[in-house]
Structure formats: C-alpha cells, structure tokens
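Here is a short note to read alongside the structure. The points start with the division of the chain into parts and end with a single residue.

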Amino acid sequence: MISKKDFKKISDWLWEIPKSFRSDMRVPARIYVSEKMLEESSKDKSLEQLVNVSTLPGIQKYALAMPDMHEGYASPIGGVAAIKISDGIISPGMCGYDINCGMKLLKSEYSEKEIKPHFDKLATEIQKEVPSGLGRGRQVKLSIEQIDKILEGGAQRLIQQGYGEKEDFENCEAGGKLEWADASVVSDYAKNRGRDQVGTLGSGNHFLEIQKVAEIFDEKVAEVFGLFKDQIVIMIHCGSRGLGHQVCTDYLRTMIPAMQKYGIRVPDREFACVPFNSSEGKRYFSAMASAANYAWANRQMITHFIRKAWKSVLGEKASPLVALYDVAHNIIKNETYLINGKETEVAVHRKGATRAFPPGHSEIPEKYREVGQPVLIPGSMGTASYVLVGQKEGEEAFFSTCHGAGRTMSRHEAIKRVSGQEVVKSLESKGITVKCWSLRGIAEEAPMAYKDVDSVVNIVHNAGLSKKVVKLLPLAVIKGE
Amino acid sequence: MKKYEILEHKADLRIRAFGETKEELFLNMMKGMMESMRSEGIKKGENRKIKITSPDLGALLVDFLSEVLYLSQVNKEIYKDVRFKKFTDTELKGELTGQKVERFGEDIKAVTYHGLEICQRKDGTWEAIVLFDI
C-alpha cells in the first residue's frame with residue numbers, strides 16, 4: 001500500500017513518488033493534488049496503478065496523475081504518459097476503452113431569463129431527439145461503407161453532408177478528423193457495433209446539460225471565447241460508444257500474445273503494449289484515430305439533433321448554437337517536447353486527462369491562439385462545470401489537465417445510499433430539471449459519489465496546468481439510460 | 001452451488017463466478033454478465049455458433065465473454081445457455097441459446113483483463129473474477 005510517507009512534496013499542489021520506490025520504475029510518478037486529497041488517494045489502487053504506468057518502456061520524465069484521479073483498469077483514470085516514439089511503446093489500455101470520450105460545448109446568444117420560460121419543453125425535446133442508443137428513441141442503421149467514411153472523415157464527413165457548420169470543425173480538436181485514420185485496420189466487429197450508434201448518448205456518466213454561465217474569472221479570455229454572464233450554453237459528454245470499446249478489445253487481444261515476440265513484460269495484462277513503430281503498433285494507432293473520428297462524428301450528430309430541438313422549441317428564427325470547442329479526454333497524440341535539451345517526439349497517452357495547449361500553440365484555432373486552448377471540464381451531475389484555458393506552465397505536465405470530478409464511491413454503494421427519486425428531488429429543489437429514462441442510472445451518478453469538482457479545478461488552476469475562465473451551473477440534466 | 005456474485009468496485013462491474021467444472025464456470029460468468037444487462041422485452045431468438053482460440057485459460061474466458069458481448073450488442077439478444085462442443089484451456093467451440101430483447105437497462109461496454117483471476121480450488125471446483133467496463 002502506498003501512503004503519504006512514500007511521497008516527496010514538490011509544491012503545495014504536486015507530490016512525487018521517487019524512482020527508487022520500486023525497482024521496475026523507469027521514471028518518478030507525480031500527482032497533482034493537495035495534501036488532503038493525497039491522503040484520500042491512498043484509499044484505492046490508483047497510486048499503485050500510477051507506479052505501474054512509470055514502468056512502461058520509453059516513458060519520459062514522469063508518470064503523471066491529475067487531481068480527479070481514481071482507480072482504472074491499467075492506468076488510473078486521470079493518468080498521463082508521454083512515451084518516446086523512436087524506442088517506446090503504444091498501449092491501448094493507456095488510452096482506454098472509450099476512445100475519444102470527450103466534451104463539446106455549444107454556446108447560445110441568449111441569457112437565462114430569455115430561455116427560462118422554454119426550459120422544460122427544451123429539455124423534453126432534446127431528450128426526445130437524442131437517442132440513448134440502448135434501444136430507446138430513433139434507430140438508424142448505417143452501412144459498413146458509411147461507417148468507413150465516418151472513420152476516415154470524422155466530424156468533417158457529417159458536416160459535408162449537412163449535419164453542421166464549418167465553424168463546428170474549426171472549433172474542434174484536430175478539426176474533428178485525425179488524418180492517419182484508416183478504416184481497413186478497424187475490425188468488422190467494431191464497425192458493426194458502430195452502425196446504429198452515430199448520434200447516441202450512451203449510458204453511465206455520459207450526459208447533456210443545459211447550463212448557464214454563473215461566474216466569470218477571466219473577462220478577457222471569456223470575451224475571446226464568446227462567453228458572458230448568465231449566458232445559456234449546452235454541454236455534451238460522450239465518446240465512441242461500442243465501436244471504440246471493440247477497437248480496444250480487439251487490439252488488446254492482438255497485443256497480449258505479441259508482447260512475447262517483442263520481449264515486453266507489463267505488471268497487468270490490461271497494459272498490453274507493443275513498440276510504437278511495430279506493425280501492430282502502427283495499426284492500433286490508425287484504428288485508435290478512426291475510433292476518435294467516430295467519436296467526433298458522434299458528438300457532431302448529437303449537436304445536429306440538439307439544434308433541431310432548439311429550433312423546434314424556440315422557432316426557426318432563433319439565433320443558432322455555436323460550438324465553442326470540442327476536446328477529447330481519452331486519446332493518444334503525437335506531440336513534440338524539449339526533453340533533456342532535445343526536441344523529442346512522444347506519443348502522449350491521456351487516460352481521463354484533457355489536453356490544454358498554451359497561448360500561441362499552432363494546433364489551436366486561430367481565434368483562440370492569443371489566449372490558449374479552451375478546456376472543458378464537466379462536474380458531477382447537478383454540480384458546477386468549468387471552462388478553463390491552457391497555460392505555458394502546463395508544459396511540465398505535457399500540456400495536460402484534469403477531466404472531471406472523479407468518482408469516490410462505487411455505483412453499487414451509491415444505489416445503496418440514495419434512491420434515484422431522492423436525487424431527482426434534491427436536484428429539482430435546486431431548480432435543476434432532470435430528464436432520464438432510468439432512476440437507477442440517476443442514483444449511480446449521484447453527486448455524493450464524486451469528488452468535489454471545485455477543489456479539483458482549483459488544484460489545476462493553482463498548479464498552472466490550466467486557468468479558470470468561467471464557472472457553469474446546470475439548469476437541466478439529460479441522461480441516456 | 002452459487003452461480004456468481006457481484007463484487008464491490010468503484011466505477012465498474014466486478015463479478016466472481018463459480019463452477020464444478022471449467023465449462024460451468026464459463027457458463028456462470030456469462031450468466032452474470034447477461035443478467036447484469038437488465039434487458040427488457042424478451043422474445044424468442046436464434047442460436048449462435050462461437051469459436052475462440054486464446055493463449056491461455058484466463059484469456060480464453062475474457063475472449064469468450066467479449067464474443068458473447070459482441071453478439072449480444074449487434075443482434076440485440078441475450079444468451080441463457082451455452083453448449084460446448086469442444087473445450088480445452090486454449091480453445092472452445094459451442095452454441096449459444098439466444099433470446100431477442102427490445103432494450104438493455106445497463107450498457108456493458110467491454111470485458112477487461114484487469115485483475116483477472118481464474119483458479120481451481122482445493123475441493124476441485126473453479127472460481128474466476130472478471131471486471132466489466134460499464
């Protein structure tokens with residue numbers, strides 16, 4: 001069991017487990033938390049899992065964990081590993097099953113007061129338009145050929161077909177399309193699972209929320225992002241659905257026996273990995289990119305459905321919903337950093353961590369370049385969410401920051417402690433409308449099962465990984481199942 | 001003999017299954033997974049043939065469950081039983097008894113290898129623990 005005594009304090013927000021802690025560590029493990037949160041972190045296996053991350057061949061500088069860290073499968077959720085491309089590995093487990101699970105934020109030109117009379121209708125209509133994908137609502141089945149085009153074309157493919165605006169992909173990580181995607185390395189199993197899930201929300205912690213801008217921390221950046229006090233915005237949280245999960249399953253199955261060939265040993269099979277430049281590694285990287293494109297297309301289609309609901313409630317002449325940004329929190333990207341004085345190309349594995357590029361970075365949309373990349377952080381259901389902005393100081397964490405609140409309690413425990421009805425009642429007493437098919441799903445996601453998002457965000461703000469721009473409060477929560 | 005039990009896990013679904021034989025262990029773990037999907041609107045369905053090859057018994061269990069999960073998701077079916085025609089530590093062939101469903105109440109998204117345990121107990125019976133991503 002790892003505890004506080006095993007850590008070296010680097011600052012009030014950063015703690016380190018030295019390389020000497022376990023003989024198989026290749027680099028130290030670092031965790032962005034307050035002293036109080038550090039003690040909490042010792043309660044599950046996440047610290048041990050982080051030490052396991054530090055053993056991956058080719059890992060550079062540190063195995064990192066964000067303050068919303070909790071126990072995952074191989075890596076803890078909230079883990080970051082930058083792995084040298086020339087002589088390191090690529091690991092599907094370090095990206096996760098839900099490839100390109102991420103956030104999209106749509107902004108309106110309306111204030112809370114203007115939308116308030118339409119709330120209930122709007123929430124009902126959005127729930128009706130966006131299917132969960134588990135059997136309720138609209139069911140459209142695409143052909144394998146159509147799926148192939150989405151895998152290689154991402155959100156851009158759907159926008160070309162009329163399901164969005166040019167601004168939607170301009171204001172999206174990678175323009176909503178990773179160029180190295182290749183549909184031929186994605187199995188028919190994965191494609192079949194994806195055929196009827198484009199534009200579906202899924203279950204678990206995935207959600208849609210109608211929110212308002214409750215507090216502005218940085219006027220200048222908020223203005224560049226087009227955010228103002230009391231503004232109505234819509235937040236989308238979901239990923240690549242069954243298709244992404246199948247890609248991860250398929251490649252773990254390929255890599256487990258292949259590891260022997262490459263002489264790689266890992267502490268847990270879920271970490272199965274191969275050299276980045278091996279044939280299996282290259283195929284996985286292209287399959288992962290394809291699943292990431294599918295996820296961007298999924299969030300794009302959901303955006304299309306939301307806009308449909310928006311117009312049907314507010315009228316054809318209602319001012320449109322514009323995408324602020326769309327960013328992944330489960331993904332592997334090639335990025336270049338100065339490491340030991342040398343420009344080094346690394347595959348940054350972010351598992352439950354959000355990329356947060358600083359001002360001036362060439363990979364962020366021109367309109368935001370002067371201030372930095374928008375970072376979208378959802379809170380737990382019914383609590384605050386945040387828009388942050390990337391900072392230069394974030395380089396020490398490979399420009400990564402947190403991705404949410406982070407669970408502290410199991411779903412089972414949450415159901416035992418609180419009923420769905422009680423959660424709905426407590427949210428409604430705060431003026432929040434809840435639309436959900438399953439009361440059990442609501443109980444599982446009860447706010448008490450999560451860390452406090454405000455403290456998580458304060459850590460990344462104080463540590464300089466990303467700076468607070470605005471705080472968002474929910475007015476309506478819409479869940480799949 | 002108890003077929004399976006749900007264990008505590010912070011974010012996902014962890015099942016411990018039991019069996020007099022390896023075949024029964026595989027069947028009971030499958031039942032644990034299928035029953036956790038809380039399907040509604042069950043009707044008569046089709047049988048599906050399966051064939052799996054894996055490096056060892058633990059991987060065979062995970063790969064078997066992944067195959068069943070895949071079939072369940074794309075066909076909107078659940079499987080109540082499996083008849084094995086061949087069963088070794090690295091290979092299995094069999095037929096699943098399927099039932100059509102209208103919808104699932106829980107979306108099991110993947111079967112993981114994380115913390116996988118499979119062993120024969122002193123009394124000769126079998127036990128395994130598998131973590132499912134939900």
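1. This is a predicted model. In it, chain A is divided into domain 1, residues 4-94, and domain 2, which is made of residues 102-408 together with 450-479. Taken over C-alpha atoms, the centres of domain 1 of chain A and domain 2 of chain A are 23 Å apart.

2. The two domains touch each other. Domain 1 of chain A brings 37 residues to this contact, and domain 2 of chain A brings 48. On the domain 1 side, the elements that give two or more residues are β4 (63-70), β5 (77-84) and β6 (89-90) of chain A. The largest share on that side is from β5(A), with eight residues. Sorted by class, the side of domain 1 of chain A that touches domain 2 of chain A has 22 nonpolar, 12 polar and three charged residues.

3. Now take chain A as a whole. Chain A holds 15 helices and 19 strands. Its C-alpha trace spans about 65 × 50 × 50 Å along the principal axes. Does the radius of gyration agree with or depart from that of a compact globule? It agrees, because a compact globule of 481 residues would have a value near 23 Å and chain A has 21 Å.

4. Two further figures describe the inside of chain A. Buried residues make up 59% of its 481 residues. Of the contacts in chain A with a separation of 6 or more, 77% are between residues 24 or more positions apart.

5. Chain A also touches chain B: 33 residues of chain A are in contact with 25 residues of chain B. On the chain A side, α7 (188-194) and α9 (241-262) each supply at least two residues. The largest share comes from α9(A), which gives nine residues. By class, the side of chain A that touches chain B divides into 10 nonpolar, 13 polar and 10 charged residues.

6. The last point is one residue, A:Y32. Where is A:Y32 found? A:Y32 is in the loop between β3 (29-31) and α1 (35-41) of chain A. A:Y32 counts as buried because 29 other C-beta atoms lie within 10 Å, and the cut-off for buried is 20 or more.

7. A:V460 is 428 residues away in sequence, yet the C-alpha atoms of A:Y32 and A:V460 are separated by 7.4 Å. Leaving aside neighbours within four places in sequence, the contacts of A:Y32 include A:W13, A:L14, A:M66, A:I459, A:V460 and A:L465.

How values were computed:
Residues numbered from 1 in each chain as written. Chains lettered and ligands numbered in written order. Predicted model: local features only at pLDDT ≥ 70, side-chain atom pairs only at ≥ 80, totals over all residues. Helix = DSSP H or I, 4+ residues; strand = E, 2+ residues; numbered from the N terminus. Rg over C-alpha atoms; globule rule 2.2 N^0.38 Å. Buried ≥ 20, exposed ≤ 12 C-beta atoms within 10 Å, placed from the backbone. Contact = placed C-beta atoms within 7 Å. Nonpolar A, V, L, I, M, F, W, Y, C, P; charged D, E, K, R; others polar. Domains from an automatic or database assignment.
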